[in-house]
Amino acid sequence: MARTPIESERSHVFPLELARPMPVVARGEGVWIEDVEGRRYLDAMSGGSMASTLGHGRRDIVAAARAQAERLAFVHNERLTNPAQEQLAEELTAVAPEGFTRARFTVSGADANEMALQIARSYHVERGEPDRWQVISPAQAYHGPTMETLALTGRPGMHGPFVPYLPTHLHIPPSSWRFDPSGEAALDALDRAIEEAGPGTISTYFCEAISAAALPGYTPPVRFWEGLAERRERHGFLVCFDEVVTGVGRTGQWFAGAATACPPDLIATAKGLGAGYAAIGAVLAKQHVYDAFANGSKRFTLGHTWDGAPLACAVGLAVLDAVRREGLVERVRERGAKLRQELADALADVPMVREVRGHGYLLGVSFVDPRDGESFLPPTLRVGGRIDAAAFEHDLIVLSTQPTRDGYAGDQTLFAPAFVATDEELDEMVSRFADVVHEVAKDVEPELDREPIWTGGGR
Ligand SMILES: Cc1ncc(COP(=O)(O)O)c(C=O)c1O
């Protein structure tokens, strides 16, 4: 049996971070996971990446998967369809925002995003506007690890050595409190990007409706969404939302895009659709997008082997059933606001905490330099990494990032529990997290004396 945590030298796995010892997790139940030595962690991150929305160890989902696998696990959707795919498309479009009538299934969030871009581009070609190909997106985002989805972020820190492979896209800054509280600066940047590229070349505006790890819990001000809707109307591009994280209940609505003043034309979704029990995503299209194909070539043939496979779709159906039956969208909506307040109260006396924000169970804590209450913390202090390491010591799983050098956000932590967490478990998560932040803040504050204020923000 592997001892835990396991270092890369003792493993044949090619891990993500070779210098980071990994706990070897053997089982899970609800919001608890347990490593091979019996140490239990409280999972405030739905499996670490916001996928396990229904918690671990769900016998009902496993039973649905098993029943489907016994009947038919796989057929390819190029020439064959299957009842699970048909029914999931029907049920998913029924809970999607108004006007969404079609679903194409994928295997992951990144490939749902890529496919949404391909559908958007093809839509314009089908309608006789082949010059429309350019994509505009906010710089501080995350859309996946593939070349195209990496290129969709304007973050050099993520692009690393892959720049030669990445297509160039147009980016605008996020309208966070620091740079653009009204949303007008982002709209000006959008206008400039449209003007410079030529309005007739724009295919799509692509963004997260509410951000996940890149800017946890952030959404632009209403004025930005209104302005985006005006520009879509004026210039004829499409709006695609990356709802890989926010889809299927995470923010207390089935889809976060429904509540913005700029409802999208395309949605990419993934994590909560499989709830960690199957690798499944989907692109949802409004009827007018589908019509371009129905009235045109009648083809959009790209896809992966496992897209729409019965096994994954059966899991998706069981997940939707559980979310509906257990009233989890409502639970997340109601309890999320209270959870955010509880986090804010528990961290109120930490000068390093600037903001606790978010919707439903997609909450973010942003940290600043306590000396002026607004500059990013010096990245050399590695506050995000220290928070995650201290959380492990407290048997708590959260996820912090430190995109400071990219210029739009500093150290920040994402807090995204499973929808099934009990009140007591949520209280325990808040209490452990508050202990962690207090502990790290106490360590960091004296170290700040040796560091100049970081002036790299707001490029
Ligand atoms: C907002 C967002 N989009 C896309 C992705 C990529 O999804 P996947 O890892 O399933 O490809 C992620 C993954 O974390 C994400 O958070």
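These legends describe close-up views of a predicted model.

**View A. Tyr-361 and Phe-419 form an edge-to-face aromatic pair.**
The whole structure holds 9 aromatic pairs. In the pair of Tyr-361 and Phe-419, the ring centres lie 6.5 Å apart, with 65 degrees between the planes. The planes count as edge-to-face because the angle is over 60 degrees. Both residues sit in loops: Tyr-361 between β11 (353-359) and β12 (362-367), Phe-419 between β15 (412-415) and α14 (423-448). The pair links distant parts of the chain, 58 residues apart. Tyr-361 is buried, at 0% relative accessibility. Phe-419 is buried as well, with a relative accessible area of 1%.

**View B. Phe-415 and Phe-433 form a tilted pair.**
Here the ring centres are 5.6 Å apart and the planes meet at 55 degrees. Strand β15 carries Phe-415, and helix α14 carries Phe-433. Are Phe-415 and Phe-433 buried or exposed? Phe-415 and Phe-433 are both buried.

**View C. Four aromatic residues make a cluster.**
The members are Tyr-205, Phe-224, Trp-225 and Phe-241. Ring pairs link them.

**View D. Two arginines lie over tryptophan faces.**
Arg-40 lies over the face of Trp-32, at 4.5 Å from the ring centre. For Arg-354, over the face of Trp-177, the value is 3.7 Å.

**View E. An open sheet has 4 strands with mixed pairing.**
The strand order is β1-β2-β3-β13. At the edges are β1 (25-29) and β13 (396-397), each of which pairs on one side only. Strand β3 (residues 40-43) pairs with β13 in the parallel sense, over 2 bridges. Across from Ile-397 in β13 stands Asp-43. Strands of a sheet pair through backbone hydrogen bonds, either parallel or antiparallel.

**View F. The second largest pocket has a volume of about 880 Å³.**
Its lining counts 28 residues. Which residues are the closest to the centre of this pocket? They are Asn-77, Ala-103, Arg-104, Tyr-290 and Phe-300. Strand β4 gives the largest share, 5 residues. By class, the lining of the second largest pocket has 12 nonpolar residues, 8 polar and 8 charged.

Definitions and conventions:
Residues are numbered from 1 along each chain as its sequence is written. This is a predicted model: local features need pLDDT of at least 70, side-chain atom pairs count only at pLDDT 80 or more; totals for chains, interfaces and linings use all residues. Side-chain values use heavy atoms; hydrogens and water are left out. Rings of Phe, Tyr and Trp (its six-membered ring) pair if their centres lie within 6.5 Å; planes under 30 degrees apart count as stacked, over 60 as edge-to-face and the rest as tilted. Buried means under 20% relative accessible area, exposed over 50%, partly exposed in between (1.4 Å probe, protein chains only). A charge sits over a ring if NZ of Lys or CZ of Arg is within 6 Å of the ring centre and within 35 degrees of the ring normal. Two strands pair if DSSP finds at least two bridges between them. On a 1 Å grid over the protein atoms alone, a cavity is a set of points where a 1.4 Å probe fits but cannot get out, and a pocket is an open set with protein on both sides within 12 Å along at least five of seven lines; lining residues have an atom within 4 Å of a point. Grid points are joined across faces, edges and corners, and a volume is the space filled by probe spheres set on the points. Ala, Val, Leu, Ile, Met, Phe, Trp, Tyr, Cys and Pro count as nonpolar, Asp, Glu, Lys and Arg as charged, and the others, Gly among them, as polar.
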